[in-house]
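The sequence and structure come first.

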Amino acid sequence: AVDQVMADFDRSHNFVIEKGEFIDGILRWLEEAKRSVVTSGSYSKKFLQDFHTVRFSVRMFIKFVLHGQ
């Protein structure tokens, strides 16, 4: 999960997610989530599961970055 977050967010490839990269990454993820809802025509169960998976991954990534765990 951390490798995927780094690939999605670290656009400068310096192994650090800077504030601007974090904001841009979250905005890209939100846009992708909105597109998937529009495409499916509804709030599907898969969309909700994917949202919670991503949310959990981001929380674990932040914990890892802040605490080195």
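## Burial and overall fold

A residue is called buried here when its relative accessible area is under 20%, exposed when that area is over 50%, and partly exposed in between. On that basis, 19% of the 69 residues of the protein count as buried; the model to which this value belongs is a predicted one.

The protein has three helices and zero strands, and its elements follow the pattern α-α-α when read along the sequence. Among contacts in the protein with a separation of 6 or more, 26% are made by residues 24 or more positions apart.

## The aromatic cluster

A pair of aromatic rings is described by the distance of the centres and the angle of the planes. Searching the whole structure gives two aromatic pairs. In one of them, the ring centres of Phe-9 and Phe-22 are 5.8 Å apart and the planes stand at 45°, so this pair is classed as tilted. The pair links distant parts of the chain, since Phe-9 belongs to helix α1 and Phe-22 to helix α2, 13 residues apart. The two partners can also be described by their accessibility: Phe-9 is buried, with a relative accessible area of 1%, whereas Phe-22 is partly exposed, with a relative accessible area of 30%.

For Phe-9 and Trp-29, the ring centres are 4.8 Å apart and the planes are at 85°; because an angle over 60 degrees counts as edge-to-face, this pair is placed in that class. With Phe-9 in helix α1 and Trp-29 in helix α2, the pair ties together parts that are 20 residues apart in sequence. Trp-29 has a relative accessibility of 19% and therefore counts as buried, given that the cut-off is under 20%. Phe-9, Phe-22 and Trp-29 together form one aromatic cluster.

In soluble globular proteins, nonpolar side chains tend to be buried together. The largest nonpolar core of this model consists of six residues, namely Val-5, Met-6, Phe-9, Trp-29, Val-58 and Phe-61. The elements that give two or more residues to this core are α1 and α3, the latter spanning 45-67, and α1 gives the most, with three residues.

Phe-61, one of the core residues, is in contact with Val-2, Val-5, Met-6 and Ile-17 when its neighbours within four places in sequence are left aside.

Asp-10 lies in the loop between α1 (2-9) and α2 (19-40).

Not counting residues up to four places away in sequence, Asp-10 touches Val-5, Phe-15, Val-16, Ile-17 and Glu-21.

## Gly-25 in helix α2

Gly-25 lies in helix α2, and its relative accessible area of 1% makes it buried. The C-alpha atoms of Gly-25 and Asp-8 are separated by 6.5 Å, although these residues are 17 residues apart along the chain.

Note on methods: Residues are numbered from 1 along each chain as its sequence is written. This is a predicted model: local features need pLDDT of at least 70, side-chain atom pairs count only at pLDDT 80 or more; totals for chains, interfaces and linings use all residues. Side-chain values use heavy atoms; hydrogens and water are left out. Helices (H or I, at least four residues) and strands (E, at least two) are DSSP runs, numbered from the N terminus. Contact means heavy atoms within 4.5 Å. Rings of Phe, Tyr and Trp (its six-membered ring) pair if their centres lie within 6.5 Å; planes under 30 degrees apart count as stacked, over 60 as edge-to-face and the rest as tilted. Buried means under 20% relative accessible area, exposed over 50%, partly exposed in between (1.4 Å probe, protein chains only). A nonpolar core is a set of buried Ala, Val, Leu, Ile, Met, Phe, Trp, Tyr and Cys residues joined through side-chain atoms within 4.5 Å.
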